[in-house]
Amino acid sequence: MNTVAMAFIVSIDEVLFEAILPQHVREDVANIDLILPSSKRNDERYWENKKRKAFKTSMMYMICGGIFIFAYAEYFQDVLPADIHLVREHCQVRLDQTHQPFCNGWTWYLRGNPAARECFGFRKKSFADVAALASALDG
């Protein structure tokens, strides 16, 4: 039974092709040659034109994609307001409470600044600090 089902699945496309398409379309499909003649494949101008066309197509897709993203963001999306600063005044209190950075970006460059020591939590320990820590561990 499985063999009959497999034969049906394998041959259904050919049966539909023969039953549905007119004779002239079947002849056109039979005459399709998918391999390029060797003289055309070896022609340098042919490949240069093909690369140029592929580059133009890629650039067109990129430009159209950029235009689509810009148009969607500016005119079609309705999640964010047109002026993002309108959101800031409503959300500023929440942002101040939850998103405070431990360090700002310039702290690394200001190594001598006391804020940098507090930010990273690493400071040079004096001999007295090390001695006190050792005695606390021993005692």
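A nonpolar patch on the surface of this predicted model is formed by F68, I69, F70, Y72, Y75 and F76, which together have about 790 Å² of accessible area. Patches of this kind consist of residues with over 30% relative accessible area and no salt bridge, nonpolar side chains (Val, Leu, Ile, Met, Phe, Trp, Tyr) being joined within 5 Å and like charges within 9 Å. Accessible areas were computed by the Shrake-Rupley method with a 1.4 Å probe, and for residues only the protein chains shown count as cover. Because the model is predicted, local features need pLDDT of at least 70 and side-chain atom pairs count only at pLDDT 80 or more, whereas totals for chains, interfaces and linings use all residues. Residues are numbered from 1 along each chain as its sequence is written, and side-chain values use heavy atoms, with hydrogens and water left out.

Across the whole structure, 3 aromatic pairs were found, a pair being rings of Phe, Tyr or Trp (its six-membered ring) whose centres lie within 6.5 Å, with planes under 30 degrees apart called stacked, over 60 edge-to-face and the rest tilted. F68 and Y72 form a stacked pair, at 6.3 Å centre to centre and 25 degrees between the planes. Both residues lie in helix α4, 4 residues apart, or about one turn of the helix. The rings of F70 and Y75, by comparison, have centres 6.4 Å apart and planes at 85 degrees, so this pair is edge-to-face. Both F70 and Y75 are exposed, where exposed means over 50% relative accessible area, buried under 20% and partly exposed in between (1.4 Å probe, protein chains only).

The protein chain as a whole contains 7 helices and 0 strands, and 5% of its 139 residues count as buried. The chain exposes about 13,500 Å², of which carbon and sulfur atoms supply 64%.

The count of salt bridges comes to 1, a salt bridge being a side-chain nitrogen of Lys or Arg within 4 Å of a carboxyl oxygen of Asp or Glu. This bridge joins E18 and R26, whose closest N and O atoms are 2.9 Å apart. E18 is partly exposed, with a relative accessible area of 48%, while R26 is buried, at 17%.

Terms used:
Helix = DSSP H or I, 4+ residues; strand = E, 2+ residues; numbered from the N terminus.
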